[in-house]
Amino acid sequence: MWRSRPGQGEAIRIHLPDGYSVPRSEFLVKIEYQTGPDASALMWLPPELTAGGKYPFLFTQSQSIHARSWVPLQDTPGVRFTYEARIHTPPQLLALMSADNDPLAVRSGEYHFSMPQPIPSYLLALAVGNVFFEPIGEDTCVYAEPEILQDAAWEFGDTQAMLDAAEALYGPYQWGRYDLLILPPSFPYGGMENPRLSFITPSVIAGDRSLVSMIAHELAHSWSGNLVSNATWRDIWLNEGTTSYLDARLMEELYGKERADEERLLTYQGLLEGLETVPAEMQHLAPVFQFADPDVGQDGLEYAKGQLMLETLEAAFGRDTFDEYLAGYFEHFRFQAITSEQFLDYIDSALLQKFPGRYSRAQIEQWLYQPGIPESAVVPASRSLEDAAAMAIAWSSGERPVDELPVEQWSPQALVAFIKALPADLKEDQLAELDQTLGLSAAQNSEIARAWFIQTAARQYRPAYDEMRSYLNRYGRTRLVKPVYQALADNGEDRALAQSLFEEARVGYHPLTIAAISPLLQDASE
Ligand SMILES: [Zn+2]
């Protein structure tokens, strides 16, 4: 079947009577409409896919171009609007939006919202469910189903401190309150920076605050992305790359340089892996976009490569100077959407020309318009991760017995580095020894489990397959499940198994997750 530009929707044309003319300010159009059951932004969850199992849950995911599936609007980050909404729900459920949520709102089934700051359409958001709130700071709280509310409030207890740190570095927070909403596990992303109310996957509730860089990331979007937006989806690195840089800075402020550097190095390693599969012309930070769907293309490279460029610039100009530049950048472009070229012109005059000889416009252009990583990049290093990776070699070669691995000293990130560094020729009894000693198949930390199940799937280590199956059913976050299916499909034996596991688990997955995984599992003959 021939389809023109799938997922792009249709234009609404409004015809005015001949000769009709009014001053612009008095012009009002009222559109009555209803969404269809397959609106791509809306995830209607039955009760069995929630933590409590008793009430249905609805959440939206408008980014990148799905706002148009539930509201007729100009669906581009280049257009901003304010909004008001009145939402009717079953009376026992609470509605929340990317707006002025009132933690003390009475559960009535009718809720009013106002968003006074102008936002782009991809930040329009709504959620309805059996959720309650718990304050975690002066201007911050967590909303979640009661079954996970206390765990979430503890896990994200540093949110107010992150907000304070971000304001000290990058200028005032412009949005009023900052709250978190913990969604059911089918949420396809780690987090979504809906203004005033970040949507967060429950998969980062690890019990030890080890995965809270997700919160630092979504919070940082209050500056990069929500305040200064990408003008088009080709400029998304301005949003995600800058946010990834800020998120590492906030992690360093709160938890110290060693932990921040561990996360920087893991991000950098992910970038190197991505460069092996992303086509060269899509490796530019500002590529010529070739896809109708902006969710397809750079495979996350815009996050890590953008972060690396900003870290390189920070090293060239010094942290204090670069912080001052960034705060000025957010102030200069606040509530605007800009292109990569506007960024380039601004940094040229506000930074490069002020400190000549440190870094050139041509060097920045290399990041924006060339594939790969420029030679001038300042690559992150982490002694603790490198030591853990070296231990993987020492253990596998028999140099160091498993009970002498310094696991107690390792952060969860170091354990991930150890698992990723396991050599290709491990024997099944070695994997069994590791699993029994470190309890990897039963890991509750979703990043440790992810790293382990990628390895076990790639090596056909079948004793872990039952736990792997539970893992694939437990989470719907694309980052967690997609690479495991990929490893199964590519291991030469388990493509059919991957297909049947996917058939079983997909009922709990979001359409975006299903769309990301389906192509991996198709038979070569199809
Ligand atoms: Zn982000």
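In this predicted model, Arg209 and Asp158 form a salt bridge whose closest N and O atoms are 3.3 Å apart. Arg209 belongs to the loop between strand E11 (197-200) and helix H3 (213-220), while Asp158 belongs to the loop between helix H1 (146-155) and helix H2 (159-170), so the pair ties together parts that are 51 residues apart in sequence. Both Arg209 and Asp158 are buried. Across the whole structure, the search finds 23 salt bridges.

**The pair Asp179 and Arg177**
- A salt bridge joins Asp179 to Arg177, with 2.9 Å between the closest N and O atoms.
- Asp179 counts as buried because its relative accessibility is 1%, and buried means under 20%.
- Arg177 has a relative accessible area of 25% and is therefore partly exposed.

**The pair Glu314 and Arg319**
- Glu314 and Arg319 form a salt bridge in which the closest N and O atoms are 3.0 Å apart.
- Glu314 has a relative accessibility of 13%, so this residue counts as buried.
- Arg319 is partly exposed, its relative accessible area being 29%.

**The salt-bridge network**
- Glu314 and Arg319 are also members of a network of salt bridges.

Methods: Residues are numbered from 1 along each chain as its sequence is written. This is a predicted model: local features need pLDDT of at least 70, side-chain atom pairs count only at pLDDT 80 or more; totals for chains, interfaces and linings use all residues. Side-chain values use heavy atoms; hydrogens and water are left out. A salt bridge is a side-chain nitrogen of Lys or Arg within 4 Å of a carboxyl oxygen of Asp or Glu. Helices (H or I, at least four residues) and strands (E, at least two) are DSSP runs, numbered from the N terminus. Buried means under 20% relative accessible area, exposed over 50%, partly exposed in between (1.4 Å probe, protein chains only).
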